[in-house]
Amino acid sequence: MELIPYLAFLSALAALGVAVFFYNNVKAASPGNERMVFLMTEIQKGARAFLKQEYTWVAGFVVVMAILLTIAIAPLAAISYIIGAILSGGAGYAGMTVATMANARTTEAAKEGPAKALPIAFRGGAVMGFSVAGMALAGLMIVYVVFVLWLDVDKAFEIVTAYGLGASSIALFSRVGGGIYTKAADVGADLVGKVEAGIPEDDPRNPATIADNVGDNVGDVAGMGADLFESYAGSIIAPISLVAFAAATAAETPDSGAALSLFMFPMAVALVGMVSSIIGSFLVKGGSSTDSRALSSALHLGTNVAMGITVVGTVALAYWMFSGDEFGGNPIGLGISVIGGLIVGWALGKTAEYYTSDHFGPVKKIAQQSETGPATTILGGISAGMVSVAASVVLILVGVGVAYYGGELTFGSDGDIEQLQGGIYGIAVAAIGMLATTGVVVSVDAYGPIADNAGGIAEMAELDPSVREVTDALDSLGNTTAAVAKGFAVGSAALTALALFKSFEFAVNKAGGAGTLDLNIGNVDVFVGLFIGAALPFLFAALTIDAVGRAAQEMIEEVRRQFREIPGLREGKPGVIPDSARCVAISTRASLREMIVPGALAVVAPLVVGFLSVNALGGLLAGALVTGFALAIFMANAGGAWDNAKKYIETGAHGGKGSDPHKAAVVGDTVGDPFKDTSGPAMNILLKVMTIVSLVFATAFVDNAIF
């Protein structure tokens, strides 16, 4: 059992090897003609320039946090924090690099049909997927082995948790900054190009088109990768920290028989999930049909196989690790917890698919409502998003119930470690179940932006319409896969935040003596904290949506100016080209400026409240978890529904492209853009950043709180 961290590290190295293999596979494919290579290069240059500037800005924040950790916790916590930040940023950069290389190659392959194009897009995404999973797990195992096993340093688990905080910091700014960038360009391109100028999506006359395609990579690839890196690392850290802080509170030793099994189980599940993801990734093959159902089946085969192998492996692990005398119940219980999390994560994804796919009623209803204008289109999307929250809440509660039952089943009435109830641990490992197959889940998600870029290149390179037909089919599927991945991410965020919250409670009680944290709602501090926490996700969403609006306004004015001042641009005269570089610069400058306030809010709010009152901070975390989860689901699914309602009309329904319903659907899609690609996805990071900041600084709060 002691070898599990080392075996998990080896599986992470294997995942990175798979990423290199798929990179070489994609690189060997043809990028197409000279025009396609030019467009691919312009997108690459824009994406690299943005990430370079973004990481430069974020580096300043990382330095400040590292200094604060050095003072409040320990210098080694700062080192762990920096490792997490560097690896998270590195994974995002690696994925973006390959995605911007795979786009033109997917377009070229689309000339021969989806059988050639889909595998290239998936393999490009797989580089992102296995870079994220491999780097996250490898870095975490290094931190755990060095600081906990080899050096056995003081505050070892605060130091391990700081690794997750480093990943969270990069994820927050990458999601917010990348999301603002991509949606500013997308909104500007759509409103002026489609609605005002009446030209097609990705038309080469539109100066915002290149910026829009750059945004797909910095927001939906690099930003999404950092998001899932943080989610994956956090899901493993949460149960480990839970056991560590519970053991410290109860004066247990982390190397006792029961505690050792509880420490190793999350790593073992991650090991099994990684191997399963690697196997599943090689099973994705393209078919000859552009039917979205056939494409979906081909793309999701790898995910489904990986999930199946993970289920079998988890059952075996549970029997092996929890059948000893230290556990008074049934060893299969924690296996049920993990499998329950995996199934609920899949179900959340399927729920998102139902509300965002044009195969089902909600999207078709929104498309129909577009016949009566933008107002009814927007009302339909809001309604669909809100209804999806109710379904998702039911699913997450089922997951919590199953996970709690599974933990109690293994532990018996009480855990071997005093104060650690088995049910809470079961909930913590359920989050790993949701993200155990992160490698292949992110691969499928990152496939979407590549397919989107491929369609843009096909349009800008003026290829045969049959090529765009293939890329549109791939792109439509990509919108659904993105919604599915967001379901996994936000579901795991809820469970991980709950486990981290319990760890926070143990850490506070350890620092100040049992009973320090009083979460009774009748306590005025807790009551005030609840309301602050409930309001924070709304404030965060408002700040990010407003940021997109301001940045998009700059983009709209620039596109209008170019259409007005460059003779022959709108008419498409030969030799007349737009100034795309200026639009890229506008998105870059605006997104970097706008990401600071909402990004800082997630860190500053718990620090300020924590130093005022620990009980108020407990209330804040509880309030934010509930409203943040609901807002994240609402915005992601409403935005996805509006987007696919527009695409459904573009297939010829309700008048097709250029019709009044189409213009109404474009407005709905524009409203939904910051919902689904900026505010919604960043919400789950907000929840975990606030919780993990609270956990890392728990001791400092207890020692220095004013009230």
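**Close-up 1. An aromatic cluster in a predicted model.** Phe21, Phe22 and Phe282 form one aromatic cluster. Rings of Phe, Tyr and Trp (its six-membered ring) pair if their centres lie within 6.5 Å; planes under 30 degrees apart count as stacked, over 60 as edge-to-face and the rest as tilted. The model is predicted: local features need pLDDT of at least 70, side-chain atom pairs count only at pLDDT 80 or more, and totals for chains, interfaces and linings use all residues. Residues are numbered from 1 along each chain as its sequence is written, and side-chain values use heavy atoms, leaving out hydrogens and water.

Close-up 2. The structure holds 15 aromatic pairs. In one of them, the rings of phenylalanine 157 and phenylalanine 263 are stacked, with centres 5.2 Å apart and planes at 10°. Phenylalanine 157 lies in helix H5 (residues 156–197) and phenylalanine 263 in helix H7 (residues 257–281), so the pair ties together parts 106 residues apart in sequence. Helices are DSSP runs (H or I, at least four residues), numbered from the N terminus. The rings of tryptophan 642 and phenylalanine 675 are edge-to-face, with centres 5.8 Å apart and planes at 70°. Tryptophan 642 is in helix H18 and phenylalanine 675 in helix H19 (residues 660–696), 33 residues apart. Tryptophan 642 is buried at 1% relative accessible area, and phenylalanine 675 is buried at 14%.

Close-up 3. A salt bridge is a side-chain nitrogen of Lys or Arg within 4 Å of a carboxyl oxygen of Asp or Glu. The count comes to 28. Aspartate 546 bridges to arginine 550, with the closest N and O atoms 2.6 Å apart. The two residues sit 4 apart in helix H15 (residues 524–565), separated by about one helical turn. Glutamate 558 forms a salt bridge with arginine 582, with the closest N and O atoms 3.0 Å apart. Glutamate 558 lies in H15 and arginine 582 in helix H16 (residues 580–594), so this pair ties together parts 24 residues apart in sequence. Glutamate 558 is buried at 5% relative accessibility, whereas arginine 582 is partly exposed at 44%.

**Close-up 4. The buried side of helix H10.** Pro362, Val363, Ile366 and Ala367 are the buried residues of H10 (residues 361–369). They cover an arc of only 140° around the axis, which puts them on the same side of H10. The arc is that of the directions from the helix axis to the C-beta atoms. These buried residues pack against helices H9 (332–356), H11 (374–411) and H18 (614–650), where contact means heavy atoms within 4.5 Å.

Conventions. Buried < 20%, exposed > 50% of the residue type's maximum accessible area, 1.4 Å probe, protein only.
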